[in-house]
Amino acid sequence: MRPRISLLIPSRGRPDGLRLAIESCFERADAPDQLEHLVALDPDDPTYAASLATAERRGGKVFRSATRFGYRRLYEYYNYLASASAGDWLINWNDDVEMLTPGWDTRLCTAPPFSVQFLRRDILADADTTFPVTGRMVYAAMGHLSQNAHCDDWLRVLAAAADIS
């Protein structure tokens, strides 16, 4: 079965946070069998072995960059992970967050497929741009997720200009 949602997670130095970020999504999903997670790891990450073991749980796909891209080239991690993903929705996810909403996947999949959605964080009253969720059709039309290290804000500006947020 093709996944409905792809979690895209660049990770460095936080194997415990990575585990929580992944597990919280699967545990609170209505259809965890329709999720996939893809993790990008740096070859010089001192926690590489622990992060790799965590990333590979639940069938996760791992991208090991040949070199460290760093924050300035963060978009390259997300673009690579997106190119290897299969979900209808692509989530820019992080290794230091936790999904709190039960049934989050069902709610997300009610959105128009040609859109960019923004998940609400529990510390804010309204949605913000921190965790963009890009419909597969939007990603296919652009050919990438971002062209800037500030991937979330880059998608906010694009989605607002195209009136698809």
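These legends describe close-up views of a predicted model.

View 1. Strand S6 covers residues 132-135. Pro132 and Thr134 point one way from the strand. Val133 and Gly135 point the other way. All four named residues are buried. In a regular strand, side chains alternate between the two faces of the sheet.

**View 2. Strand S4 against S6.** Strand S4 spans residues 89-92. S4 and S6 run antiparallel, joined by three bridges. Leu90 has Thr134 as its bridge partner in S6. Thr134 is buried.

**View 3. Strand S5 against S6.** Strand S5 takes in residues 116-118. Three bridges join S5 to S6, and the two run antiparallel. Here Val116 stands opposite Thr134 of S6.

**View 4. Cys25, a buried cysteine.** Cys25 has a relative accessible area of 0% and is buried. Which cysteine has the sulfur closest to that of Cys25? It is Cys109, with its sulfur 13 Å away. A disulfide needs the two sulfur atoms within 2.5 Å, so the sulfur of Cys25 is too far from that of Cys109 for a bond.

View 5. Cys151 is buried, at 2% relative accessible area. The cysteine sulfur closest to that of Cys151 belongs to Cys25, 18 Å away. Cys151 therefore has no cysteine sulfur close enough for a bond. Across the whole structure, the search finds zero disulfides.

Note on methods: Residues numbered from 1 in each chain as written. Predicted model: local features only at pLDDT ≥ 70, side-chain atom pairs only at ≥ 80, totals over all residues. Heavy atoms only, no water. Buried < 20%, exposed > 50% of the residue type's maximum accessible area, 1.4 Å probe, protein only. Pairing = 2+ DSSP bridges.
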